[in-house]
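An explanation in running paragraphs accompanies it.

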Amino acid sequence: MNNIWGFTISSARVIDYDKNDRSFAQYMTDTVPSSQLCIGCGGCTATCTAGALTDFNIRKLQMLVKRGENREAGEQMHKCMLCGKCLLVCPRGVDTRRMIFAMLKYIDNQKL
Amino acid sequence: MNLEAKQQIWKEYQKEIADDRYYYARSCIRQTFFPGSEWAYLDILGNRLGKTVFDDPRHTTCTGIGYHSDVVPVETIMTVVARHFALMTEAGFENITPSCITSFGIYTEILHTWQEHPEIEEQTHEYLWKATRREFKKPKNLAHTSDVIYKFRHEIAAQKKHALVDVHTGRPLRVVDHIGCHYAKMFPSKGIGGAEFPAVLSGMVTAWGGEPVDYPERRHCCGFGFRNYLVLANRGYSIANSKKKFESMQPYEPDFIITNCPGCAMFLDKWQYTISEMEGTTYGKDGYGIPVLTYEEAAALVLGYDPWEIGLQMHQVSVEPLLEKMGIAYDPDAKYRNARGEDMGRPACPNYLKV
């Protein structure tokens with residue numbers, strides 16, 4: 001292609017549900033069905049040890065996976081220390097640690 | 001909702017457009033890139049519809065490009081616009097019809113400002129007097145030239161030589177419209193159909209036999225946005241907007257795009273070439289682009305003007321496939337000849353976009 005312009009076409013920042021890959025979200029739902037119970041209260045994020053030290057945010061992580069923004073989710077995932085404090089505070093009984101563990105396994109397999 | 005109620009509501013989305021005696025304000029961009037378009041408008045109004053239009057050689061830019069790029073202060077643009085009104089007053093006209101969407105937006109914005117703040121209008125009177133020794137009266141009616149064509153769309157349809165129909169199949173041409181942002185997004189009450197139900201172009205298309213397509217990104221900006229385009233670093237954002245529109249309209253296989261904004265017509269036309277060179281993507285059939293017509297050009301084709309007389313050879317995207325669909329005869333050899341019949345030479349061909 002010709003590159004004489006001095007600029008390139010900016011990528012859109014909209015989240016395109018039609019184009020995003022939702023297989024990761026589907027895998028998470030299949031492996032940890034309780035993840036569907038999440039109401040997004042953010043209790044997990046408030047108590048998170050990794051979140052206190054870094055910008056890791058479990059609630060945002062869930063949202064990214066559900067939207068199919070897998071690359072960003074993959075970049076965040078390894079910050080989790082799997083301490084399980086989130087598991088203790090979740091009012092809906094979501095198995096958050098298992099959820100993250102399953103997601104880590106998926107990422108390793110898919111090399112996201 | 002019953003029909004009467006719908007019609008009642010639709011009345012709120014109409015605007016008053018003068019019947020005759022228009023003072024014409026040319027567009028910087030349209031007369032540079034599509035000069036035949038403005039000529040066609042003047043010829044249609046004057047010779048086909050018998051209206052009086054004054055094309056004043058003393059009229060200048062409204063400085064809108066500078067204003068929206070933050071290099072022209074608001075007091076300056078108000079004084080320049082006041083001079084336009086003074087020229088109109090001196091010529092004995094009361095209805096101003098700008099060809100440019102941005103000029104239309106600016107005139108509307110300034111008239112609104114003066115209505116809300118009479119002291120600013122007084123100040124502008126003073127500035128204009130000091131600068132030019134001129135006095136002005138505000139126009140009685142302000143309408144964009146596309147409003148005027150919309151008003152007379154049925155009269156044009158009555159004189160039509162070619163309908164917006166594929167003559168080979170009898171199918172109405174699928175037309176996507178693009179309304180300039182400064183037409184009705186700044187002051188929705190000043191545009192036919194407001195900002196939500198743009199009807200100024202689709203009304204023309206329907207009257208001339210075509211089928212308007214309501215594609216998802218119909219109301220999206222073309223990406224011009226002055227400072228977005230003028231600064232090289234922002235140009236990638238600018239073109240991304242046009243690309244979003246092309247991707248949105250492509251599945252409907254439109255036969256052409258119709259626009260009422262000079263900048264949009266230029267961008268939607270030229271960016272198709274740029275995108276094809278950057279990414280190898282074309283949006284029309286068989287490697288062609290989607291032709292882009294101004295409403296004046298569309299009206300002129302319907303009325304049987306010669307395509308090269310109205311300057312369609314100035315377009316980046318070839319219009320020949322559209323002319324063939326409409327059954328309009330044209331001389332391919334005349335495309336690159338000037339008014340004296342001399343050969344002007346041929347431009348270099350794009351690598352991907354078929355012309």
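The structure is a predicted model. Its scores are ipTM 0.82 and pTM 0.86. For chain B, the mean pLDDT is 94, and 100% of the residues in chain B reach 70 or more.

The helix pair in chain A consists of α4, covering residues 58-67, and α5, covering residues 70-77. The axes of these helices lie 8 Å apart and form an angle of about 150°. Because angles over 145 degrees count as roughly antiparallel, α4(A) and α5(A) are therefore described as roughly antiparallel to each other. Their crossing is left-handed. From α4(A), the residues Leu61(A), Leu64(A) and Val65(A) take part in the contact; they meet Glu72(A), Ala73(A), Gln76(A) and Met77(A) of α5(A).

In chain B, helix α3 (residues 35-48) packs with helix α15 (residues 295-302). Here the angle is about 55°, and the axes are 8 Å apart. This angle makes α3(B) oblique to α15(B). The crossing of α3(B) and α15(B) is left-handed. On the side of α3(B), the contact involves Ser37(B), Ala40(B), Tyr41(B) and Ile44(B), while α15(B) contributes Glu296(B), Glu297(B), Ala299(B) and Ala300(B). The residues in the contact of α3(B) with α15(B) divide into five nonpolar, one polar and two charged.

Key
Residues are numbered from 1 along each chain as its sequence is written. Chains are lettered from A and ligands numbered from 1 in the order in which they are written. This is a predicted model: local features need pLDDT of at least 70, side-chain atom pairs count only at pLDDT 80 or more; totals for chains, interfaces and linings use all residues. pLDDT is the predictor's confidence in each residue, from 0 to 100. Axes are lines fitted to C-alpha atoms, for helices over the stretch in contact, and angles run from 0 to 180 degrees between N-to-C directions. Helices (H or I, at least four residues) and strands (E, at least two) are DSSP runs, numbered from the N terminus. Angles under 35 degrees count as roughly parallel, over 145 as roughly antiparallel, 65 to 115 as roughly perpendicular and the rest as oblique. A crossing is left-handed if the near helix is turned anticlockwise from the far one by less than a right angle, and right-handed if clockwise. Two residues are in contact if their C-beta atoms, placed from the backbone, lie within 7 Å. Ala, Val, Leu, Ile, Met, Phe, Trp, Tyr, Cys and Pro count as nonpolar, Asp, Glu, Lys and Arg as charged, and the others, Gly among them, as polar.
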